[in-house]
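Me: I would like to learn how to read a few features of a protein model, one at a time. Could you take me through them, giving the general idea before the particular case?

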Amino acid sequence: MKHDMPTSSETLGADLRALRKARGLTLVEMAESLGRSVGWLSQVERDMSEPTISDLREIAGVLDVSMSMLFGQSRTPVEEQGHVVRAGSRRRMGAGEEGLVEELLSPDLTDDFEVLHSTFAPHSKMQTPTRRATQELGYMVSGRIELRIGDKTFSIGPGDSFRVRDEEYHWHNPYDEPAVAIWVIAPPVY
């Protein structure tokens with residue numbers, strides 16, 4: 001039976017391929033990590049084979065992403081796919097742990113970067129400082145956060161922007177209002 005290739009880059013397979021490449025994994029390396037054949041993984045990435053829930057759980061573990069990331073495919077009109085993300089159709093990233101809700105503004109994860117809309121709930125904070133092998137630029141749209149980068153702490157407010165390059169960072173919103181930021185991250189982490 002012949003399967004037609006999707007015309008959209010907004011597919012689970014395209015996202016899995018982009019995430020695999022962003023983590024520097026070859027098809028062979030990832031297939032070995034999953035205990036599956038290269039052919040099977042290649043078919044999944046080309047949307048010719050559908051992985052089971054158990055497969056997705058293992059794939060998420062290898063790629064270090066949440067399971068919810070793999071279920072976030074939105075339906076977009078064909079003429080908008082890969083180009084437009086409507087406000088009501090943003091893919092939500094993660095489960096909002098720590099009071100942070102992130103939505104993907106990028107049409108998919110096939111670029112060398114991703115753009116996120118991040119909402120920090122009042123009185124929320126990152127539980128554990130993190131460091132990623134990324135370059136990140138943030139722009140504060142509204143509200144304020146306290147941002148520690150390395151050993152320096154900054155109060156970031158509306159109109160301010162900031163950059164983090166492979167440095168440990170930690171955020172905290174000690175205020176009574178939510179804060180909203182737009183983040184550009186390269187390579188994609190979700």
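Me: Let me begin with a single side chain: is Arg 86 buried, partly exposed or exposed?

Reply: Keep in mind that this is a predicted model. A residue counts as buried under 20% relative accessible area and as exposed over 50%, with partly exposed in between. Arg 86 has a relative accessible area of 48%, and is therefore partly exposed.

Me: Which residue does the side chain of Arg 86 meet in a salt bridge?

Reply: In general, side chains of opposite charge can pair when their charged atoms come close. Here the side chain of Arg 86 meets that of Glu 80, with 2.6 Å from N to O, and Glu 80 is buried, at a relative accessible area of 13%.

Me: Turning to helices, which residues of α2 are buried, and where do they lie around the helix axis?

Reply: An α-helix has 3.6 residues a turn, so residues three or four places apart point the same way. In α2, which covers residues 27-34, the buried residues are Met 30, Ala 31 and Leu 34. Seen down the axis of α2, these buried residues fall within an arc of 100°, so they line one face of the helix. After α2 comes Gly 35, whose phi is positive, near 70°.

Me: And how should I read a sheet: in what order do the strands of the open sheet run?

Reply: Strands of a sheet pair through backbone hydrogen bonds, either parallel or antiparallel. In this case 4 strands form an open sheet with antiparallel pairing, in the order β4-β9-β6-β7. The edge strands are β4 and β7, each with a single partner strand, so one side of each is left without a neighbour in the sheet. Strands β6 and β9 pair over 4 bridges, and Leu 147 has Trp 171 in β9 as its bridge partner.

Definitions and conventions. Residues are numbered from 1 along each chain as its sequence is written. This is a predicted model: local features need pLDDT of at least 70, side-chain atom pairs count only at pLDDT 80 or more; totals for chains, interfaces and linings use all residues. Side-chain values use heavy atoms; hydrogens and water are left out. Buried means under 20% relative accessible area, exposed over 50%, partly exposed in between (1.4 Å probe, protein chains only). Helices (H or I, at least four residues) and strands (E, at least two) are DSSP runs, numbered from the N terminus. The arc is that of the directions from the helix axis to the C-beta atoms. Two strands pair if DSSP finds at least two bridges between them. A salt bridge is a side-chain nitrogen of Lys or Arg within 4 Å of a carboxyl oxygen of Asp or Glu.
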